[in-house]
Amino acid sequence: MKALALLALAGVSCMVVAEEQSTPAHAQESLEVERYEYAMDLDIARVIESPDIPDVCQVVPVQMTYEDHQGKRHVLEYLVMGKGCSNG
């Protein structure tokens, strides 16, 4: 029984080490959050992470992560209307 527990612990440890090594280096760097302003000239080549709109009835800030055409990552914060309002 002890051998089985040791084997399971060793397997979990290997999975954790493999997961840590597969994390890209650029994901570990902290990115400065840019706040969107009307008529900003954005260079968005690829959206990496787009937020889920909160289920509230008010304007809320959300953040989107994207890459520009040079491959540099950015985090953009902008305001959206929550999807929790109803017309009824």
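Helices (H or I, at least four residues) and strands (E, at least two) are DSSP runs, numbered from the N terminus. On that basis, the protein chain of this predicted model has 2 helices and 4 strands. Their order along the sequence is α-α-β-β-β-β. The structure also holds 1 disulfide.

**Overall chain**
- The protein chain has 88 residues, and 16% of them are buried.
- Its accessible surface is about 7,300 Å². Carbon and sulfur atoms supply 55% of that surface.
- Take the contacts in the chain with a separation of 6 or more: 46% of them come from residues 24 or more positions apart.

**The disulfide**
- C57 and C85 form the disulfide, with an S to S distance of 1.9 Å.
- The angle about the S-S bond is 105 degrees, and the link of C57 and C85 is right-handed.
- C57 sits in the loop between β2 (46–49) and β3 (59–67), while C85 sits in the segment after β4 (73–81), so the bond ties together parts that are 28 residues apart in sequence.
- A disulfide is a covalent bond between the sulfur atoms of two cysteines.
- C85 has a relative accessible area of 35%, so C85 is classed as partly exposed.

- Beyond its neighbours within four places in sequence, H74 is in contact with L31, E34, M64, T65, Y66 and D68.
- One of these residues, D68, also makes a polar contact with H74, side chain to side chain, at 2.9 Å.
- H74 and E32 are 42 residues apart in sequence, yet their C-alpha atoms are 7.4 Å apart in space.

- Leaving out neighbours within four places in sequence, E77 is in contact with V33, E34, R35, Y36, P61, V62 and Q63.

Technical notes
Residues are numbered from 1 along each chain as its sequence is written. This is a predicted model: local features need pLDDT of at least 70, side-chain atom pairs count only at pLDDT 80 or more; totals for chains, interfaces and linings use all residues. Side-chain values use heavy atoms; hydrogens and water are left out. A disulfide is a pair of cysteine sulfur atoms within 2.5 Å. Buried means under 20% relative accessible area, exposed over 50%, partly exposed in between (1.4 Å probe, protein chains only). Contact means heavy atoms within 4.5 Å. A polar contact is a pair of N or O atoms within 3.5 Å; within protein, one must be able to donate a hydrogen and the other to accept it, and residues adjacent in sequence count only if both atoms are side-chain atoms. Accessible areas come from the Shrake-Rupley method with a 1.4 Å probe; for residues, only the protein chains shown count as cover.
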